[in-house]
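Here's a quick walk through a model, feature by feature. Keep the viewer open while you read.

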Amino acid sequence: MLEKGKINIRQFTILVALLTVGDSILILPAVPATEAKQDAWISGIVGLLIGLLVVYLVGTVGRKYPGLNLIEYNAKLLGTWAGTAVSIVFLAYIFYNAAGLVRIIGDFMTTHIIPETPIDAIHILFLSVIAMGLRLGLEAVARAGEIFFPWFVLLFLGLVLFLIPQIDPKQVQPVFAEGIKPVLRGSLFSASNPYMELVAFLMIFPYVNRTEKIRKYFVSGALLGGIVLVIMIALSVLVLGYDYSSRNMYPSYTLAKQISIGRFIERLEAIMAVMWIITLFIKTSIFVYVIQLGLAQVLKLKEFRALALPLVFIIAASATYFSPNIAHFSQYTTAYWPYFDMTFSIGMPLLLLGAYAVRQRGEGI
């Protein structure tokens, strides 16, 4: 086993929660608001329920061989050649996800925070910090999540409390004005981006203590993150309205700008920026970790941590070409990315469960 470190179940749950929130806390509210309008909050709840079912499915796969990660039981269940092929495609999917996350933070920072800074410089700086953490291993990332999580919770609760005076209940009326179909369309992206990408944890399950309860805590972590996202979707509609939320690339960031308490506490969008950077840092770190560990196993290397530095530079270069512009990126991620996620979070686990059933039946004969 290349990874010698172990994380406890509490650290694992925190990582799952932070990964669920990830980039979705900033960009997610716009999509259900576009599809379901004032019923976007219902799309968020439906998406959460669907997402938890997918997480349960992924957790079920992970429990079959608790001592093996995805690369190892791909080979065990599908054979060397087919298993390696599936593993390579999965790693390409995670790589594409990581490049997309880096592109998002580059676009956001150059648009709202430091517009005069070259986007490549932001990519390299962000990924350099991740590379330093990953060279210390999974335990270092888990401890970072443990440190950041209380601050994230504190900032989130502060944001919600400050926005309560801005809430207008009329913004969510009438309920189901256009029927159930728009709500279901809005729930598709609400389920795919936050929850289906948790399939990456199939590479981490063996390195968690108390693997017998891992599915329970996997679902619990996703639920915690999902509650945060549902609240953010609801606040976006209740404060900004569905029309403004749907036309805004980063509605949650705009939402934080609406805070005004006695004309003294105002424009606290930095709260949202810090929360988002924390969750995006953890999510990108986990994705890069999965790539470096999986690549080392596929190539049968004896050491995987040395891959961190070259990987982050490749991802930094790829992020620039991930999408030609933000409009293309937004259209592509909303129109096609949910089906991309479903292929690996539903199709691949079902394939592995089918292969497991066939193998068990063959051994029983």
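Where is the place of Phe 176? Phe 176 sits in the loop between helix 8 (138-163) and helix 9 (181-195). Bear in mind that this is a predicted model.

## The core

Now go inside. The largest nonpolar core counts 115 residues, and those with the most contacts inside it include Phe 12, Phe 90, Phe 201 and Phe 218. Helix 13 (residues 269-298) supplies the largest share of this core, 16 residues. As background, nonpolar side chains tend to be buried together in soluble globular proteins.

Phe 12 belongs to helix 1 (residues 9-21) and is buried at 0% relative accessible area. Phe 12 and Phe 218 are 206 residues apart in sequence, yet their C-alpha atoms are 7.8 Å apart in space. Setting aside neighbours within four places in sequence, Phe 12 is in contact with residues including Ile 7, Val 208, Ile 214 and Tyr 217.

## Aromatic pairs

There are 20 aromatic pairs in the structure. Take Tyr 65 and Tyr 356: their ring centres are 5.6 Å apart and their planes sit at 80 degrees, so this pair is edge-to-face. Tyr 65 lies in the loop between helix 4 (40-64) and helix 5 (70-78), while Tyr 356 lies in helix 16 (residues 337-364), so the pair ties together parts 291 residues apart in sequence. Both Tyr 65 and Tyr 356 are buried.

Phe 90 and Tyr 93 make a tilted pair, because their ring centres are 6.4 Å apart and their planes are at 45 degrees. These two are three residues apart in helix 6 (residues 80-113), which puts about one helical turn between them. Phe 90 is buried at 0% relative accessibility, and Tyr 93 is buried at 1%. Ring pairs also link Phe 90 and Tyr 93 with Tyr 96, Trp 337, Phe 340 and Phe 344 into a cluster.

## A buried asparagine

Asn 74, in helix 5, is buried with a relative accessible area of 0%. Not counting residues up to four places away in sequence, Asn 74 touches Gly 79, Gly 83, Val 86, Ser 87 and Leu 352.

## Salt bridges

The structure has seven salt bridges. Arg 10 and Glu 146 form one of them, at 2.4 Å from N to O. Arg 10 is in helix 1 and Glu 146 in helix 8, so the bridge ties together parts 136 residues apart in sequence. Arg 10 is partly exposed at 49% relative accessibility, and Glu 146 is partly exposed at 22%.

Lys 283 in helix 13 and Asp 23 in the loop between helix 1 and helix 2 (24-27) are 260 residues apart. Lys 283 is buried at 0% relative accessible area, and Asp 23 is buried at 3%. The other member is Glu 197, joined to Asp 23 and Lys 283 by salt bridges that share partners.

Conventions
Residues numbered from 1 in each chain as written. Predicted model: local features only at pLDDT ≥ 70, side-chain atom pairs only at ≥ 80, totals over all residues. Heavy atoms only, no water. Core = buried A, V, L, I, M, F, W, Y, C linked by side-chain atoms within 4.5 Å. Buried < 20%, exposed > 50% of the residue type's maximum accessible area, 1.4 Å probe, protein only. Helix = DSSP H or I, 4+ residues; strand = E, 2+ residues; numbered from the N terminus. Phe/Tyr/Trp six-rings, centres within 6.5 Å; stacked < 30°, edge-to-face > 60°. Contact = heavy atoms within 4.5 Å. Salt bridge = Lys/Arg side-chain N within 4 Å of Asp/Glu carboxyl O.
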